[in-house]
Amino acid sequence: MAYLGTPGATKEVINKYSFAFQKKFGQNFLIDSNVLENIVEAAGITKDDFVLEIGPGIGTMTQYLCESARQVLAVEIDKMLIPILEDTLSEYDNVEVINQDVLKVDIKSLVEEKNNGRPIKVVANLPYYITTPIIMGLFESKVPIESITIMVQKEVADRMQTGPGSKDYGALSLAVQYYAEAKVMLNVSATCFMPRPNVDSAVIKLTRHQESPVEVKDESLMFRIIKASFNQRRKTLVNGLKNSSELDFSKEEITEAIKSIGKEENIRGEKLTLEEFAKLSNALGK
Ligand code: SAM
């Protein structure tokens, strides 16, 4: 039975192994069994599922995942946690722990090898500093994914759901909306973690679109345009795109493309919807 989701059980493990929390790895462990049950429920894990957990820590959520899923693969960067995980997960025979930096792992090949390339569910209580690269990496590298259910900083959850007109709108919002439907599943107070983080958190579920919501001829070009638009947020879209080292269009070509999608030539990128970015990229890519 999963037993780690309390302050007492967590302290016991920490003391037994004289474990020192590492700030650089964003180590804030969950100590609330209600939150843990809610995350697994939000993720919709069943006995058919292969789950990738990023950052298992001492194995708190991993225990819950092992009980709900068919198979769990957990990737943990901190080698000090590996012997602890061997202990806390010893009663489960459907889990494998890999000691690596998830950003350096070829997840697509791993999924191919371990789940015959069939879609997986990703569940994670992420260290906040790698939220964006992890999400973008999973989507861009075309890992077969059904959904990603992750704990993120509350502001980041807001950023993923928002549209033009909000200060939180940016490249992450557009990427998430292009690949998935984003829904905040629960808010989690800082008191549910040991040690307590300085911010409140939210669990967001990204369910991958079966079909892309917009028609894009060249996905990579669209994302280069999006990144260039938000890199220089205060500049007009024309200047943002013209100054980007990743794009090679003249001012005239950019102005022409912006007009062709029915927008003013002095518009800022932050005013464009996903659909408009798709149209702009199709016009520029011609
Ligand atoms: N899942 C546990 C829980 O909910 O209690 C721990 C969550 S803690 C916020 C984040 C975990 O991710 C830590 O165990 C940390 O060592 C691990 N981690 C940090 N950076 C990582 C990386 N690049 N690759 C894999 N794991 C990482």
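**View 1. H7 passes H8 in a right-handed crossing.** A crossing counts as right-handed if the near helix is turned clockwise from the far one by less than a right angle, and left-handed if anticlockwise. Keep in mind that this is a predicted model, where local features need pLDDT of at least 70, side-chain atom pairs count only at pLDDT 80 or more, and totals for chains, interfaces and linings use all residues. Residues are numbered from 1 along each chain as its sequence is written, and side-chain values use heavy atoms, with hydrogens and water left out. Helices here are DSSP runs of H or I with at least four residues, strands are runs of E with at least two, and both are numbered from the N terminus.

**View 2. Helix H7 (residues 154-161) packs on helix H8 (residues 171-179) at about 60 degrees, with the axes 7 Å apart.** That angle makes H7 oblique to H8: under 35 degrees is roughly parallel, over 145 roughly antiparallel, 65 to 115 roughly perpendicular, and the rest oblique. On the H7 side, look for Val156, Arg159, Met160 and Gln161; on the H8 side, find Leu172, Ser173, Val176 and Gln177. Contact means heavy atoms within 4.5 Å. Sort these contact residues and you get four nonpolar, three polar and one charged. For that sorting, Ala, Val, Leu, Ile, Met, Phe, Trp, Tyr, Cys and Pro are nonpolar, Asp, Glu, Lys and Arg are charged, and the others, Gly among them, are polar.

**View 3. H8 is mostly covered, with seven of its nine residues buried.** Buried means under 20% relative accessible area, exposed means over 50%, and partly exposed is in between (1.4 Å probe, protein chains only). The buried set is Leu172, Ser173, Leu174, Ala175, Val176, Tyr178 and Tyr179. Their packing partners include H7, strand S7 (180-188) and helix H12 (274-284).

**View 4. Thr207 sits in strand S9 (residues 201-208).** With 34% relative accessibility, Thr207 is partly exposed. Leaving out residues up to four places away in sequence, Thr207 touches Glu146, Ser147, Tyr179, Ala180 and Glu181. Thr207 and Ile148 are 59 residues apart in sequence, yet 6.6 Å apart in space, C-alpha to C-alpha.

**View 5. Asn115 belongs to helix H5 (residues 107-115).** Asn115 is buried, at 1% relative accessibility. Skip residues up to four places away in sequence, and what Asn115 touches is Phe50, Arg70, Leu110 and Ile120.

Notes:
Axes fitted to C-alpha atoms, helices over the stretch in contact; angles between N-to-C directions.
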